[in-house]
Amino acid sequence: MSFIGWSQILLFFVLVLAVTKPLGAWLFRVLEGDARPLPRVLGPVERLLLRLCGAADRREQTWVAYASSLLAFSLFSVLIVYGLQRAQHLLPLNPQGMAAVEPALAFNTAVSFTTNTNWQAYGGESSLSYFTQMVGLAWQNFVSAAAGISVALALARGFTRRPGPDGQKTLGNFWVDVMNATLYVLLPLCLLYALFLVSQGVLQSFAPYLRLTTLEGASQTLAQGPVASQEAIKMLGTNGGGFFNANSAHPFENPTPFTNLVQMVSIFSIPAALTYTYGKMAGDTRQGWALLAAMSVLFLAGVAAVYAAEAQGNPAIAAAGQVAQAGNMEGKETRFGITASALFAAITTAASCGAVIAMHDSFTPLGGLVPLVNMQLGEVVFGGVGAGLYGILVMVVLSVFIAGLMVGRTPEYLGKKIEAREMKLAMLYVLVFPLFTLGFSGLAAVLPQGVSSLNNGGPHGLSEILYAYTSGAANNGSAFAGLNADTPFWNLTLAMAMLGGRFLMMVPALAIAGSMVGKKVSPAGPGTFPTHGVLFTGLLVSVIVIVGALTFFPALSLGPIVEHFLAGAGKVS
């Protein structure tokens, strides 16, 4: 660790804080107000698309209708992306003549991008055509991120809206929310972002791959394609699916330390800004700052831990009497080094992004533990676009309930009572994630179809299994590597984990919103527990950590934790 390293981390965090308020205020005006960028250009497009969706009247929906629209749209998305992959050999913009994608892999990829997971069991430059990358995957990068924002807005409305005079319990319109988030937020920002990336050397081309001859006389193929347009939404929408197999470690996706810094900031920008947007919706920005403070505490603790672990080097090397002066450089780009690699790993797993500039499988045991824990806390440490906000709001429900039990008072949040129905739904939300993560991990650890894909045995092999299903169910998409996931067993089970981790958590969140939106608001009194101060922030952090620790500590103790002690004793398996 060094002063320069800590300075890089501090600079990143200061930049995130700097964009939180202005971007959050702009999101509030765009998504909840009447401010619309480029209304003459995008307005007619919005009206046309809403007519096609049958939502031209913009009629608001109950939580059941909202959830039904979300599920129907997502099913349609899976079918379209699956079909594009299966038929890509018949479609245009395929100068390399890519063949049709195998059914199980095509299903896994379609589910992955629809759920904003972007898990990739394939090599992008060797498996998918330009048409599939753009029309299938990049399209899903936009609309899956917009769907996450929409669910976050719906839950926020459930907490912040007052019941109408007619008793109607509506949360907005899913189609309008998705359209606003796509047309007026993601598309304009990504247009500017892509132009910036092109100016820095990121590729944007439809030319065929180049055949080059090296200085040694060997033949080499140089892959290229429309990269910048996908890279922009990949980061800003916390998608993470790379155009190339090496993801953001590839110089055509991430050529300089400057682009690396901008990409890291862009991953956190919308999740952080949405906390301020939520505060504006609540009529008290302190509510949003409290959520941001809890996220920040968890993130800074994680990045400090992973940076310290990687800077100290591999404990197995130290046990052998060797000193790694540069720390653990295995699996890292020399362009970025240990600090940026550790910071990026913490960012991409704190948000449900999944982009990588280093191979997490090559991190030290404790360094690899941090990305796992970031995801296992429920992707609420900033989390994905929208998903982070609605995830931490569910944790707020749990925290307020616990606070109410401690003082013997009916739990309230923003003046609305938290009752048995909300608690049941919140616990359902919390339990879905470990059910898919631990259930499938246990299955893969005992079945030959699971363990046959491992490149490592012992605790590290268990970490590879646990990381894969954690990444899938958390809709993160980053990989521990060292695991051949392109088999029917892994493709299908990971797809199920991704579907469960997305929709079986979104639906309870929407049900909580539907339950809360019609409740009367009671004025704050002397016994009201404030939910905007340091005490509440500390309680919220504690609840998140305790829920994650109690759920996943036994599995972690058999994986990275025991691996750390074995490595310290000079044992590598």
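Two strands are taken to pair if DSSP finds at least two bridges between them. This is a predicted model, in which local features need pLDDT of at least 70, side-chain atom pairs count only at pLDDT 80 or more, and totals for chains, interfaces and linings use all residues. Residues are numbered from 1 along each chain as its sequence is written, and side-chain values use heavy atoms, with hydrogens and water left out.

**View 1. The hairpin of β1 and β2.** Strands are DSSP runs (E, at least two residues) and helices likewise (H or I, at least four), numbered from the N terminus. Strand β1 (residues 210-213) pairs with strand β2 (residues 219-222) in the antiparallel sense over four bridges. Leu212 stands opposite Gln220 in β2, and Thr213 is opposite Ser219. Five residues lie between the strands, and Gly217 takes a positive phi near 90 degrees.

**View 2. The crossing of helices α13 and α17.** The axes (lines fitted to C-alpha atoms over the stretch in contact) of α13 (residues 365-376) and α17 (residues 458-473) come within 9 Å. They cross at roughly 35 degrees, on a scale from 0 to 180 degrees between N-to-C directions. The contact (heavy atoms within 4.5 Å) is made by Pro371, Leu372, Met375 and Gln376 of α13 and by Leu466, Tyr467, Thr470 and Ser471 of α17. By class, this contact has five nonpolar residues (Ala, Val, Leu, Ile, Met, Phe, Trp, Tyr, Cys and Pro), three polar and no charged ones (Asp, Glu, Lys and Arg), the others, Gly among them, being polar.
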